[in-house]
Amino acid sequence: MTQTHADYQLSQLDQLEAESIHIFREVAAEFEKPVLMFSGGKDSIVMLRLAEKAFYPAKIPFPILQIDNGLDFPEVAETRDRWVQRLGVKLVIASIDDAIARGIVVDDGKTSRNRLQTPTLLNAIEENGFTAAFGGGRRDEEKARAKERVYSHRDEFGQWDPKNQRPELWSLYNGRLHEGEHMRIFPISNWTELDIWDYIRREEIEIPSIYFAHQRRVFERDGMLMTETPLNPLREGETVSERTVRFRTCGDMTLTGCVESEADTLDAIIEEISVARLTERGATRGDDRFSEAAMEDRKKEGYF
């Protein structure tokens, strides 16, 4: 007779992985045309790895969608291309520059590229007929994201109403849609930033090099260290210096700050994150600092 241990339990990472893989498989079975939104950052790369494991040895049965703001770090694009080539997954790129040229969005010279991502994303979802879009949001990142369900309902205008979301008792998900509506799906909602890094280390996942400590010419703005670039000209009183820094999140290089750090290995990053008092968005994303409710306002408009 085979004997089993009554106290057998999965590790925390194994439980999180199993939950996320279950969500990927549920969506693939339930929705006609899902897509994985991909920024090239650590969270979306972890989602690619989870999707790979969910359907292995078959290929991932849906494309990935990147909203190209034209201001991404080159290291991010290079890592993205290697992942796409290795997995053989279809990459759909929706360019903000193209959306401006087509009159889908209007560039008034004042609105940030991150703001212009929303109408570009909604147009890409509508044009391609996507019915579910996987996103890499985590509840520990920001107050508005803490309100999210795993299945986040979006109306026919792509908008999010935090007061009109569906209950998810016992991990049962309601994916019913009316015409024109779609779902945003968040498979890693219950992960923390530390979980993400532990998983990257365990799975030996390739991520952009800017997540590790390196030398960079930076200047200080609004309490953040910003990259020196012609795309982000210095203001009066700002000076450039070379420091050892790393990025905790990827995005628009004119709005994404870095932190001073000597953490140039995964072990060192995990040790650093384990004592951090601020989430990566709170510490280094300028677009979340416009107002107390900046993220929630953008999500209501249709943002990630």
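A: Of the contacts in the protein chain between residues at least 6 apart in sequence, 72% join residues at least 24 apart, where contact means heavy atoms within 4.5 Å. This is a predicted model, in which local features need pLDDT of at least 70 and side-chain atom pairs count only at pLDDT 80 or more, whereas totals for chains, interfaces and linings use all residues. Residues are numbered from 1 along each chain as its sequence is written, and side-chain values use heavy atoms, with hydrogens and water left out.

The secondary structure of the chain comes to 10 helices and 10 strands; these are DSSP runs (helices H or I, at least four residues; strands E, at least two), numbered from the N terminus. Buried residues, those under 20% relative accessible area with a 1.4 Å probe and protein chains only, make up 52% of the 304 residues.

The part to examine is helix H1, residues 12–30, which packs on helix H2, residues 42–55, at an angle of about 70 degrees, with the axes 9 Å apart. Axes here are lines fitted to C-alpha atoms, for helices over the stretch in contact, and angles run from 0 to 180 degrees between N-to-C directions. H1 is therefore roughly perpendicular to H2, a term that covers 65 to 115 degrees. From H1 the contact takes Glu17, Ser20, Ile21, Phe24, Arg25 and Ala28, and from H2 it takes Met47, Leu50, Ala51, Lys53, Ala54 and Phe55. These residues divide into eight nonpolar, one polar and three charged, with Ala, Val, Leu, Ile, Met, Phe, Trp, Tyr, Cys and Pro counted as nonpolar, Asp, Glu, Lys and Arg as charged, and the others, Gly among them, as polar.

H1 also packs with helix H7, residues 193–203, at an angle of about 95 degrees and with axes 11 Å apart, so H1 and H7 are roughly perpendicular to each other. Here Gln12, Leu13, Asp14, Leu16 and Glu17 in H1 meet Asp195, Asp198, Tyr199, Arg202 and Glu203 in H7, a contact with three nonpolar, one polar and six charged residues.

Beyond H2, the loop between H2 and strand E2 (64–68) holds Pro57, which is joined to Tyr56 by a cis peptide bond with omega of about 10 degrees.

Elsewhere, two loop residues other than glycine have a positive phi. Ser171, with phi near 60 degrees, is found in the loop between strand E5 (151–154) and strand E6 (182–185) and is partly exposed, at 38% relative accessible area. Asp222, with phi of about 55 degrees, sits between strand E7 (214–221) and strand E8 (224–227) and is exposed at 60%; exposed means over 50%, and partly exposed lies between that and the buried limit.

Finally, the second largest pocket has a volume of about 280 Å³. On a 1 Å grid over the protein atoms alone, a pocket is an open set of points with protein on both sides within 12 Å along at least five of seven lines, and lining residues have an atom within 4 Å of a point. Of its 14 lining residues, Leu122, Ile125, Glu126, Glu156 and Gly180 are the closest to the centre, and helix H5 (residues 113–128) gives the largest share of the lining, four residues.

Conventions: 1 Å grid on protein atoms, 1.4 Å probe; cavity = no way out; pocket = protein on both sides within 12 Å on 5 of 7 lines; lining within 4 Å. Points joined across faces, edges and corners; volume = space filled by probe spheres on them. Parallel < 35°, antiparallel > 145°, perpendicular 65-115°, else oblique.
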